[in-house]
Amino acid sequence: MTENRSLQSIRGTHDLLPGETEAWDVVEGLIRDVMGLYQYREIRTPVFEDTQLFARGIGEHTDIVNKEMYTFTDQGGRSITLRPEGTASVVRAWLQHRLGAQGTVDKLYYMGPMFRQEAPQKGRARQFHQFGAEVLGTDAPEADAEVIMLFLSVLDALGLETWSLHIGSLGCRECRAEYRVLLVEFLSGIEDLLCEECRERVGTNPLRVLDCKNEGCRLATAKAPSLLDHLDDECRAHFEAVQALLGDRGIPFTVDPRMVRGLDYYERTTFEVLSPDLGAQDAICGGGRYDGLAQMIGGKDRVPGVGFAAGIERIMLALEAAGIDLDFEPLCEVALIHIGDAARQRLFTICDTLRRAGVACTTELFDRSVKAQMREANRREALLALIAGEKELEADTITLRNLVSGDEEQVAFTDIVTTVLERLDQMEEEAVDEEPDEWTDEDEQSGPGPGEAA
RNA sequence: GAGAGAGUAGCUCAGUCGGUUAGAGCACCAGGUUGUGGCCCUGGGGGCCGGGGGUUCAAUUCCCCUCUCUCUCCCCA
């Protein structure tokens, strides 16, 4: 409405700035590491899809489809929607490219932005980021347990130790339909005790009534029949197998008979991982089995599948709450410091040469004082400074200063690259010698130095 | 979508019961060292007091609208 002179990012979207992106890189890198460990392979699908994919997959009566999708008509008159979640797209791509044709089980993961038009608050943005994993083509309860274990391994890799795992089962379509009749019968009897919204839900999505946070509804439905008591034999066996697999590995979990997911495609196993440090938006991961999804979006054959989606922003918040700081300054090995214009030009060339040799370095682009240039070198935690002014140009040498020890030496221009590489090697050796034990395995803080390549 | 709170320097925040040039700390720049970092001292730059409208002699301050953020409901990752 208001015509601001300067535009800003739109409501519910955020810029990730230097100082934050480094931590995201670390987190994403650790996620990829764990995915590799479990042999899941990445899939990247478009951020927008045919609206029907989500309408049919997620469900017409869900909040997501009803009121939260970014939908628009493109110039060809097609209805397009920015993806509000990842699973439907992955299954669509799996069907489209016949990834199951080899008869193998496919294990896929994805990572990227999702879009939902909700009221923004902490841990909930309109563009947010999820990563997720999917196993397609198998009913095996091991797949259910594996995706849960996979996510918990990610938390472990990140150092997040406080979480709780909640699991439930929605049964298959057959047993849920039978149960639904029972439930509607029960709810009809207590209808006047329910909140307005729930009275509507009795007709549209009765299972959600059990998940209502309203005190009155909770009390009124306390004695409602439980879905878990009405699973058919196969679904019960499957659910028990999943629990046994988790239990055998000492993974703590709570069975939540009322857990209902907000997406219609779930069947059988559902689960959530909650973080105690997040406030209202405390789910960092949600998932489950979706054996009917492939057919809901037009696939000919039944393709069983199970997976999860996890919110990266919420994980970042949980890390922060846990006091885990993954930020690091990008490595700067050499700062080039000039006095005067001639030296400035000379150093620009030397900087280029050093970079070609794989040395991370920077030159001064403002004409600030030597003091300011040194201060910045210090701020960047540069290891070496190369200083040049009239004196050096005349003598055809450069001053090389070790910024850790303060030692200085004069180096001939022709020897700069070899000497710098030599000194950096020496400093690295010294640093390894002094490094405390706990840091010796892998030093995440220093980031990937371009210098290592050479 | 509903309710509540908040927006003042790059950042974290004071402040004005409406009244001249709006402050601190950190950060930045410069000087103290005719060319050398971290500590210290001195000085400096930087603000349409979120935006628009209204009341008033006078609005950063009061009122309304709007935008954004935060919290809650809801929903979800």
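A search of the whole structure, which is a predicted model, finds 1 cavity of 30 Å³ or more.

**Exercise 1.** Work out which residues line the largest cavity and how the lining divides by class.

*Solution.* Begin with the volume, which comes to about 60 Å³ for the largest cavity. Next, list the residues around this space: Ser169, Leu170, Tyr179, Leu207, Leu210, Leu227, Pro257, Arg258, Met259 and Val260 form the lining. Finally, sort the lining by class, with Tyr, Met and Pro counted as nonpolar, and the result is 8 nonpolar, 1 polar and 1 charged residues.

**Exercise 2.** Explain why helix 2 (residues 51-58) is described as largely enclosed by the rest of the structure, and examine both of its ends.

*Solution.* Take buried to mean under 20% relative accessible area; the buried residues of helix 2 are then Thr51, Leu53, Phe54, Ala55, Gly57 and Ile58. Because 6 of the 8 residues are buried, helix 2 is largely enclosed by the rest of the structure. The next step is to identify the surroundings: the buried residues pack against helix 3 (63-67), helix 4 (87-96) and helix 11 (293-296), and also against strand 2 (48-50), strand 3 (71-73) and strand 4 (79-82). At the start of helix 2, the backbone nitrogen of glutamine 52 has a side-chain oxygen of aspartate 50 within 2.8 Å, while just after the helix glycine 59 adopts a positive phi of about 115°.

**Exercise 3.** State how chain A is divided into domains and how far apart the C-alpha centres of domain 1 and domain 2 lie.

*Solution.* The domain assignment gives domain 1 as 21-172 + 232-321 and domain 2 as 338-453; their C-alpha centres are 47 Å apart.

Methods. Residues numbered from 1 in each chain as written. Chains lettered and ligands numbered in written order. Predicted model: local features only at pLDDT ≥ 70, side-chain atom pairs only at ≥ 80, totals over all residues. Heavy atoms only, no water. 1 Å grid on protein atoms, 1.4 Å probe; cavity = no way out; pocket = protein on both sides within 12 Å on 5 of 7 lines; lining within 4 Å. Points joined across faces, edges and corners; volume = space filled by probe spheres on them. Buried < 20%, exposed > 50% of the residue type's maximum accessible area, 1.4 Å probe, protein only. Helix = DSSP H or I, 4+ residues; strand = E, 2+ residues; numbered from the N terminus. Contact = heavy atoms within 4.5 Å. Polar contact = N/O pair within 3.5 Å; in protein donor to acceptor, adjacent residues only side chain to side chain. Domains from an automatic or database assignment.
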